[in-house]
Amino acid sequence: MMKTILWAISICLFALDLSSKSTNNYRAVYHFEYTKDSINATKEKDILYLELSENSSLCFSYYTYYSDSLSNTPNGRAVWRKLFSAAIAKDGTNATSFPYKRSKFMITKRYASDTIHVKDAIDQDIYEYSASKSEFHWQLCDSTKTISGFEAYRATCNYHGREWTVWYSPDIPFSDGPWVFCGLPGLILEAHDRDYLFTFHLVGLMSNPAPKKDWLGKGKKTDRISFLKKNYQYLKNLSLIFTAETGIDVPQREDTRYLDGLEPDFK
């Protein structure tokens with residue numbers, strides 16, 4: 001009940017800020033779920049922050065941000081090692097109770113530019129490349145539904161190898177959304193691919209007086225397809241790498257579609 005009340009308050013405050021043409025920053029919080037093994041009903045869950053400002057936005061994983069924050073100080077690293085050791089001792093290779101990175105992408109969109117700037121990581125190496133907003137070719141649909149008090153409209157598109165359905169609300173005047181999604185006349189509240197391997201769902205919207213900034217620094221310059229190919233090979237061999245580094249055998253997943261990622265057009 002308390003979560004419902006807090007959500008309703010945050011929505012009302014947001015609406016008031018918009019009506020008064022406030023220039024404050026906002027944070028949209030999304031639940032991001034992706035299938036790692038549909039045969040064994042294994043899914044990974046993440047929380048994405050979309051930091052919205054007047055001229056740009058930044059999207060990243062809260063869990064990755066928290067894990068990186070710990071690793072940046074000696075005391076934080078000690079805390080992480082303690083939590084990791086306790087989790088492994090309790091749950092072995094199934095341990096998830098320690099802070100660990102989830103989605104590693106960091107997406108910057110500047111509203112006056114067609115360019116989407118992407119940073120992503122393979123192991124400890126940071127890469128950066130650009131994509132184009134003009135590659136979204138949205139088909140607007142007549143369907144509507146109410147999401148968290150907002151009237152939302154349906155739109156679809158094929159983007160880099162996946163068919164997406166999204167719901168956006170013109171009541172929230174940001175042509176933006178989670179991950180790289182953008183280009184619609186309102187904020188994207190929900191999104192899923194045709195097979196529901198990936199789903200995004202807005203769970204919070206609030207004023208944000210202290211938005212997070214890019215903490216990764218410069219990455220290695222590359223292009224999207226080259227990065228995705230390299231990342232695919234890394235993920236494909238990750239269990240072997242983990243076993244070699246830790247001596248712990250990790251069972252192979254039966255369903256490997258998650259290796260293709262959000263953009264499977266690199267194959």
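**Helix caps, cores and aromatic pairs in the predicted model**

Ser61 caps the N-terminal end of helix H2, with a side-chain oxygen 3.2 Å from the backbone nitrogen of Tyr63. Such a polar contact is a pair of N or O atoms within 3.5 Å; within protein, one must be able to donate a hydrogen and the other to accept it, and residues adjacent in sequence count only if both atoms are side-chain atoms. The model is predicted, so local features need pLDDT of at least 70 and side-chain atom pairs count only at pLDDT 80 or more, while totals for chains, interfaces and linings use all residues. Residues are numbered from 1 along each chain as its sequence is written, and side-chain values use heavy atoms, with hydrogens and water left out.

Helices (H or I, at least four residues) and strands (E, at least two) are DSSP runs, numbered from the N terminus.

Helix H4 (residues 224-236) is capped at its N-terminal end by Asp223, a side-chain oxygen of which lies 3.3 Å from the backbone nitrogen of Ile225. The buried residues of H4 are Arg224, Phe227, Leu228, Asn231, Tyr232 and Tyr234. They fall within an arc of 165° seen down the axis, so they line one face of the helix.

The largest nonpolar core has 52 residues, and Phe136, Trp138, Trp164, Trp179, Phe181, Leu187 and Phe200 have the most contacts inside it. A nonpolar core is a set of buried Ala, Val, Leu, Ile, Met, Phe, Trp, Tyr and Cys residues joined through side-chain atoms within 4.5 Å. A second, separate core of 5 residues includes Val29, Leu58, Phe60 and Met106.

Two polar residues in strands were examined. Lys109, in strand S4 (residues 106-110), is buried at a relative accessible area of 1%. The side chains of Lys109 and Asp176 are joined by a polar contact of 2.6 Å. Ser169 belongs to strand S9 (residues 162-169) and is buried, with 0% relative accessibility. A polar atom of the Ser169 side chain lies 3.1 Å from the backbone oxygen of Glu151. Beyond four places in sequence, the contacts of Ser169 (heavy atoms within 4.5 Å) include Phe150, Pro185 and Leu187.

The structure holds 25 aromatic pairs. Rings of Phe, Tyr and Trp (its six-membered ring) pair if their centres lie within 6.5 Å; planes under 30 degrees apart count as stacked, over 60 as edge-to-face and the rest as tilted. Tyr26 and Phe174 form an edge-to-face pair, 6.2 Å centre to centre with 65° between the planes. Tyr26 lies in strand S1 (residues 26-37) and Phe174 in the loop between S9 and strand S10 (187-193), so the pair ties together parts that are 148 residues apart in sequence. Both Tyr26 and Phe174 are buried. The pair of Tyr153 and Tyr168 is tilted, because the ring centres are 6.0 Å apart and the planes are at 35°. Tyr153 is partly exposed at 26% relative accessibility, whereas Tyr168 is buried at 5%.

Definitions and conventions. Buried < 20%, exposed > 50% of the residue type's maximum accessible area, 1.4 Å probe, protein only. Arc of directions from axis to C-beta.
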